[in-house]
Amino acid sequence: MRFFLAVLLVAIVASCGGPEPRRPVEVKSGSFYKESIERTKKLLAAEEAAIQEIISKDTIHEYISSPDGFWYYYETKNDTASYQPNTGDQILFSYNLMSLKNDTIYTAEEIGPTSHVIDKQQLFPGLQNAVKLLKINEKVTFLFPSPLAYGYQGDNKAIGPKTPLKSSVELHTIIIENDSLN
């Protein structure tokens, strides 16, 4: 009888396999991400087309295309200054925010003068790169597609999600970091 129980016990243990992994009920193909990418590309193309239409209708200003994905023109250019802010420099600037239809979202007075350390503090992506293009006492107007503005989030106040922006930025002062002189 003991022999029979021992054989039975060995047979039971041998027949038991490890736990079988559960198979997913629904298989994801990644189509959600592909569709999201396509929606984003279409949105960006539509915003860039709207910006190009603004540029083509504006015969007064000469627009420059930035390699960072935004467009701009000079309102006030300083040809005597040569220094542009570098990483670590502290700047004082003012700016406003408008829709592409020139509806004011925030005035420069509402925002107030802004102190910023280049590449050490966060601004929205387009403005982060735009301030690096300015020289002291220059005023430049920028057109930002929504991914370079506040993107899919908005600012949770007056700027809604997926809103392209227009902004006039004026650089008042630059405090040069010692390392940027080397």
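Reader: What makes K132 and D119 a salt bridge?

Author: The distance from N to O between the side chains of K132 and D119 is 2.7 Å. A salt bridge is a side-chain nitrogen of Lys or Arg within 4 Å of a carboxyl oxygen of Asp or Glu, so the pair qualifies. K132 lies in the loop between α4 (125-130) and β7, and D119 in the loop between β6 (114-117) and α4, so the bridge ties together parts that are 13 residues apart in sequence. Helices (H or I, at least four residues) and strands (E, at least two) are DSSP runs, numbered from the N terminus. This is a predicted model, in which local features need pLDDT of at least 70 and side-chain atom pairs count only at pLDDT 80 or more, while totals for chains, interfaces and linings use all residues. Residues are numbered from 1 along each chain as its sequence is written, and side-chain values use heavy atoms, with hydrogens and water left out.

Reader: Why is K132 called partly exposed?

Author: Its relative accessible area is 25%. Buried means under 20% relative accessible area, exposed over 50%, and partly exposed in between (1.4 Å probe, protein chains only). K132 is therefore partly exposed, and so is D119, at 36%.

Reader: How many salt bridges are there in the structure?

Author: The structure holds 4. One of them joins the side chains of E75 and K139, at 3.9 Å from N to O. E75 lies in strand β2 (residues 71-76) and K139 in strand β7 (residues 139-144), so this pair ties together parts that are 64 residues apart in sequence. E75 is partly exposed at 37%, and K139 is partly exposed at 27%.

Reader: What makes K41 and E38 a salt bridge?

Author: Their N to O distance is 4.0 Å, and the pair is counted as a salt bridge. K41 and E38 are 3 residues apart in helix α2 (residues 31-57), which means that about one helical turn separates them. K41 has 53% relative accessibility and so counts as exposed, whereas E38, at 41%, counts as partly exposed.

Reader: Why is S99 called buried?

Author: S99 has 16% relative accessibility, so it counts as buried. Its place is the loop between β4 (97-98) and β5. Leaving aside neighbours within four places in sequence, S99 is in contact (heavy atoms within 4.5 Å) with I105, P164 and K166.

Reader: What makes a set of residues a nonpolar core?

Author: The residues must be buried Ala, Val, Leu, Ile, Met, Phe, Trp, Tyr or Cys, joined through side-chain atoms within 4.5 Å. The largest such core here has 25 residues, and those with the most contacts inside it are F93, L127, F142, F144 and V169. Two or more residues come from each of β3 (90-95), β5 (104-106), α4, β7 and β8. Strand β8 gives the most, with 4 residues. Among the residues that F142 touches, not counting those up to four places away in sequence, are F70, Y72, L134 and V169. Apart from this core lies another, of 7 residues, including I55, W71, L100 and L143.

Reader: How do you know that N178 is exposed?

Author: N178 has a relative accessible area of 60%, so it is exposed. N178 is found in the segment after β8 (165-175). Its C-alpha atom is separated by 8.8 Å from that of G88, 90 residues apart along the chain.
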